[in-house]
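Reader: I'd like a close look at one part of this model, the charged side-chain pairs. Take me through them, please.

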Amino acid sequence: WARTAGAIAARSAADAGLTKALFEMNEKLKVKPWNDSSLPEAVDETLPGCDATYSFTISGDAVSGYTVESTGTSGQTQRTVICTLKPQGPFEFAVFADDAVDLKNSAVVDWYNFGADDDPLKLGTNSVESGAITLKNSSTINGDVVVGVGGNPSVVINDYGATITGEARALTQRNPLPTVIVPQWLESLPSGGFIENDTTITNSAKYSGIDLKNSKTIVIDGNVTLYTTGDVILNNSAELQIESDASLVLYLGGDFEGKNSSAVNNLTQDARKLQIYCLDSCESMQFKNSTDFYGAIYAPNAAVVMDNSADLHGAVVAKNFEQKNSGTFSYDASLRDVGVNDEAVRFVVTGWHEQ
């Protein structure tokens, strides 16, 4: 019995070391840029509540990946577990909401830029509430529909005649939606005030807000990162345009409103070239544009409403998401490919074995 108890304690300690290693790697991710020169480690840390200890080392780099080796010791018994870590970004789902997803009649969610070994397309929520996902008549989801941990898909999903080609299932663990933190270098820039009229932006900058007047255009010409501390409003027929050889990362501190006939026009037609990251102070994003949208939106505290006749290409993460038209949502699966310096990235365990 003593030998069995020692083995259980040693294994528990090894698992605790793995958990601590994962936690410390994710804490390290909060400091940008990422630095491989000093990776977390532990030596003979005591497991609370017993006399077992754990030690772990982490090896590897951002290119080859990371391996954690964690050894638990209880008396004369040792157990070692080894796992690999990879960075995972916020756009693992085509559409994900912390609370509710609402797709209107004839909406289609499909995907592109995926490989034969890729996980299926997923649409989902963290919620287990009745009707948190609404799929209206003739909606089609070319993949899985996923509800919160412990939720009953038949209760959480209001299905009014939708076609789901994959599974309707529950998450095995909650999908975390970390708060967006503006990079320090961007936060410390002086504000350029408000943008109201025709403007071409070629360099990264910080603004108090955007209230673009009717029929005016902001042109992004270069690889630009912007931070607006306040709202972004595109008035009637106003346009935010990303040139065909440019890109935009937008940190949004206020709300977003695209009014009638406005456009977020990503001429690259590459969703990776337009990424919008909303701070917790952003609570509403409403699009009424008539141009196909190519981009990725991460808005963990906002209600995102697509109230237009355009198709969407990319991914959306929100508190609540509503697609009011009958257009197609095309998920760009290449948004799953991330690096350690990307926004809202965390390490996850991808492979595990006991030595």
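Which residue forms a salt bridge with R272, and how far apart are the closest N and O atoms?

Author: That partner is D270, and the closest N and O atoms sit 3.1 Å apart. By salt bridge I mean a side-chain nitrogen of Lys or Arg within 4 Å of a carboxyl oxygen of Asp or Glu. This is a predicted model, where local features need pLDDT of at least 70 and side-chain atom pairs count only at pLDDT 80 or more, while totals for chains, interfaces and linings use all residues. Residues are numbered from 1 along each chain as its sequence is written, and side-chain values use heavy atoms, with hydrogens and water left out.

Back to the pair: D270 is buried at 15% relative accessible area, whereas R272 is partly exposed at 45%. (Buried is under 20% relative accessible area, exposed is over 50%, and partly exposed is in between, with a 1.4 Å probe and protein chains only.)

Searching the whole structure turns up 12 salt bridges. One of them joins R11 to E354, with 3.1 Å between the closest N and O atoms. R11 belongs to helix α1 (residues 2-28) and E354 to strand β30 (residues 346-354), so this pair ties together parts 343 residues apart in sequence. Helices (H or I, at least four residues) and strands (E, at least two) are DSSP runs, numbered from the N terminus. R11 is partly exposed at 26%, and E354 is partly exposed too, at 35%. Salt bridges also link R11, D15, R79 and E354 in a network.

Helix α1 also holds K20 and E24, 4 residues apart, about one turn of the helix. Their side chains meet in a salt bridge at 3.3 Å, N to O.
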